[in-house]
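Let's take a look at some strand pairing. Here is the model to keep open while reading.

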Amino acid sequence: MSPRVAVIGGGIAGSMAAFSLRAVGGATPVVFDAGKRIGGRIGGGTNETGPGGDNGAQFFRASTQKFGSLLKFLESHHIVGPWEGEFGILGTRSGRDGFLSRTHMPTELLGSLKPGGSLAHSQALAVDTGDFCGFIEGQGTLYSGTPSNGSVCPQILQLCGAEVRTDTRVTSVRRISAASGGWQVTSEADQSEIFDAVIFATHDASVPAACITELATDTHSPEVHERLQELTKALLNARANRVPVFTLSAEVACGGEVVPFDAVTVHGSQRIQFLVRDSSKPGRIAAKGKKHELWTCISSSALAAWVLSKNPNNTAAAFVQAQHELTEELSTILAPFYDTPPVVTNPYVRRWSAAFTDATLESWSRQEEECVSLEPFRLAIAGDFVRRHGCPIESAALSGLEAGERVGSWLK
């Protein structure tokens with residue numbers, strides 16, 4: 001019987017951990033995810049109340065050879081496909097002249113572009129600066145999942161034959177004994193299972209932090225105790241520095257208008273930092289002849305922080321305000337390309353509480369590891385908060401790959 005490994009989290013980090021576990025060691029990965037669907041931040045897709053589309057991460061681009069090879073492998077299995085839309089920057093200049101194609105933009109120009117726009121709020125918002133996920137300045141092909149980004153993780157897990165437990169929140173992960181090396185994983189329904197190893201691949205770093213704290217308490221080595229305590233502090237710091245954003249997917253009435261871009265980094269807005277036309281992605285339904293086009297926008301982190309500060313104890317009110325702000329701004333951004341003000345309908349908003357992180361574990365790991373691996377305990381931690389790369393999805397994927405490789409090699 002092959003060793004069984006609990007993978008806590010079914011996003012891209014957990015999916016890649018499960019994949020590499022199978023590839024390297026032949027272990028059986030059992031993936032636990034608290035959500036109703038696998039995928040984490042790239043799991044947004046067709047929903048019951050909105051128009052569908054990718055309302056999480058939008059594209060994948062490799063800044064490393066390893067992630068580039070992974071994307072090519074996924075493309076060969078028709079899990080992702082290259083995106084060939086018109087991409088660029090929408091600047092502060094009003095009207096149709098505000099769009100600058102990435103193809104014709106000198107790299108050195110990026111740093112000179114200053115975000116603009118204004119908000120009629122009593123409290124001014126800080127503006128998100130820079131290039132969203134490095135999509136403009138970076139080199140290489142942009143990829144998107146087929147038929148949706150939400151299908152990427154389920155297809156990876158199906159490919160590697162992982163067991164998947166959705167809608168299952170893990171409440172406790174405890175080491176059975178040093179001698180056996182086994183782990184007891186308990187879910188919210190008080191169901192417990194025994195595993196040979198554990199990989200934490202959840203965006204909430206406090207989950208593995210609680211486990212590491214218990215390991216530090218039980219160890220008899222002062223050096224190991226101190227090192228584990230430092231890791232706990234680093235994990236909690238990463239959690240404290242999570243950066244939320246909102247996404248909005250909505251239909252925009254269309255006629256004979258020609259919007260010159262399919263995706264843009266929006267330097268002319270304080271509310272929206274990225275905007276994409278869903279039908280431009282591989283495997284999507286073309287918008288030609290349809291009465292509406294589906295657009296998805298990602299809020300600035302400044303807008304998300306402002307909305308959440310205004311509604312600290314009222315989630316419903318925060319969603320209503322975020323929807324209003326983003327719908328209004330989407331209409332404003334697209335208005336110069338329409339003969340009449342565009343009508344935005346069927347809006348669907350999601351909040352991503354850990355879309356980005358301002359802190360990583362690189363100081364703890366000395367910038368040498370993609371994941372945290374604790375071989376004596378048969379425990380690994382993966383996530384975009386371990387080591388920073390071009391975009392969070394690449395960071396999480398590489399972290400999961402390495403975690404699976406290491407744990408798989410221990411169990412051979």
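## Around strand β1

In β11, Val5 has Ala197 as its bridge partner. This is a predicted model, where local features need pLDDT of at least 70, side-chain atom pairs count only at pLDDT 80 or more, and totals for chains, interfaces and linings use all residues. Residues are numbered from 1 along each chain as its sequence is written, and side-chain values use heavy atoms, with hydrogens and water left out.

Strands here are DSSP runs of E with at least two residues, helices are runs of H or I with at least four, and both are numbered from the N terminus. Two strands count as paired if DSSP finds at least two bridges between them.

| Pair | Sense | Bridges |
|---|---|---|
| β1 and β11 (residues 197–200) | parallel | four bridges |
| β1 and β2 (residues 28–32) | parallel | five bridges |
| β4 (residues 87–90) and β5 | antiparallel | three bridges |

On the β2 side, Ala6 sits opposite Val30. β1, helix α1 (residues 12–24) and β2 make up a right-handed β-α-β unit: with the strands pointing away from the viewer, the path from the first strand over the helix to the second runs clockwise.

β1 (residues 4–8) is largely enclosed by the rest of the structure, because five of its five residues are buried (under 20% relative accessible area, 1.4 Å probe, protein chains only). Arg4, Ala6 and Ile8 point one way, while Val5 and Val7 point the other.

Conventions. Buried means under 20% relative accessible area, exposed over 50%, partly exposed in between (1.4 Å probe, protein chains only).
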